[in-house]
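Please look over the sequence and the structure shown here before reading on. The paragraphs below lead from the whole chain to its details.

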Amino acid sequence: MASTTNTNHNPSNTAAEVPSTWRPTAKSRLYDLARALGEQFLKAAYVPRFNEWCRTRAAGAPDFPTRYGLYQHLIDAHGLGGPIDFLEFGVFFGESLRWWVGHNSDPAARFVGFDKFTGLPESWVGLPPGTFSAGGQVPQFDDPRVSFEIGYFQETMVDFIGRFPLSRRTVIHLDADLYSATLYVLTMLANHLKPGDVILFDEIGSGYGVTHEFRALNDVESAYGLRYKVLGGADNFRQGAIEII
Ligand SMILES: C[S@@+](CC[C@H](N)C(=O)[O-])C[C@H]1O[C@@H](n2cnc3c(N)ncnc32)[C@H](O)[C@@H]1O
């Protein structure tokens with residue numbers, strides 16, 4: 001494992017038991033009272049941004065009833081049936097990965113699934129850590145084009161990027177649900193993205209996704225100057241696809 005790989009990924013870091021020298025102000029105490037409403041406030045900030053994104057950035061982009069309709073459209077109208085490198089972050093039992101492997105028959109295409117297969121490392125929208133666990137079982141694929149990077153993204157991506165040239169058209173499927181995981185993947189890949197690469201978001205516009213996947217996209221867009229156009233959505237833009245320009 002590369003020396004720069006973060007092997008200390010511990011989403012449940014606890015505070016040190018040392019008395020704090022910090023003194024709360026009246027204003028900071030007031031914010032403490034609103035703590036339970038934090039997620040609601042975050043939603044109040046991101047839902048209008050997402051609505052605006054749909055009205056402007058996604059204007060004219062087709063929306064399909066299901067994510068598979070969107071995937072098929074990307075194959076038919078945007079050439080994703082060719083020799084792509086498909087990277088999926090969040091594999092679980094392999095349902096979405098299986099769809100792509102089954103619908104892209106190009107012998108040169110490569111499919112890489114990233115997951116630790118033990119579920120979400122943090123709680124998400126009230127669900128506990130470990131939700132979506134596959135019990136550590138890696139799904140079986142009888143196709144030499146498929147491989148897996150097993151571990152937390154924070155443990156596998158540095159090494160992967162060091163040995164896997166992202167020079168071909170790359171399709172990235174983000175389906176890890178969490179803001180932290182989505183932000184990590186996008187920041188790791190931001191400097192490797194090139195025009196034509198496609199990013200699929202599985203929960204960009206759901207009531208849960210706006211403060212996670214959509215928020216991560218917003219942050220990476222402003223931090224890295226990511227430039228993209230929206231290719232389409234599914235289920236009223238619950239899922240979304242963008243292309244780097
Ligand atoms: C919703 S499931 C993926 C579903 C799958 N794409 C499908 O459509 O069937 C989310 C997956 O993300 C994985 N995951 C979330 N955060 C992760 C992280 N930081 N590192 C590795 N895997 C992670 C979980 O283990 C889980 O399998």
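This is a predicted model: local features need pLDDT of at least 70, side-chain atom pairs count only at pLDDT 80 or more; totals for chains, interfaces and linings use all residues.

Residues are numbered from 1 along each chain as its sequence is written.

The protein has 7 helices and 8 strands, where helices (H or I, at least four residues) and strands (E, at least two) are DSSP runs numbered from the N terminus. Its C-alpha atoms fill a box of roughly 65 × 45 × 30 Å along the principal axes. Of the 245 residues, 34% count as buried, a residue being buried if 20 or more other C-beta atoms lie within 10 Å of its own, exposed if 12 or fewer, and partly exposed in between, with C-beta atoms placed from the backbone.

Helix H5 (residues 153-163) and helix H6 (residues 179-190) have axes that come within 11 Å and cross at roughly 10°, the axes being lines fitted to C-alpha atoms over the stretch in contact, with angles from 0 to 180 degrees between N-to-C directions. H5 and H6 are therefore roughly parallel to each other (angles under 35 degrees count as such). Phe153, Gln154, Met157 and Ile161 in H5 meet Ala181, Tyr184, Val185 and Met188 in H6.

Pro139 lies in the loop between strand S3 (110-115) and strand S4 (146-150). Because Pro139 has 17 C-beta neighbours inside 10 Å, this residue counts as partly exposed. The C-alpha atoms of Pro139 and Ala181 are separated by 21 Å.

Key:
Angles under 35 degrees count as roughly parallel, over 145 as roughly antiparallel, 65 to 115 as roughly perpendicular and the rest as oblique. Two residues are in contact if their C-beta atoms, placed from the backbone, lie within 7 Å.
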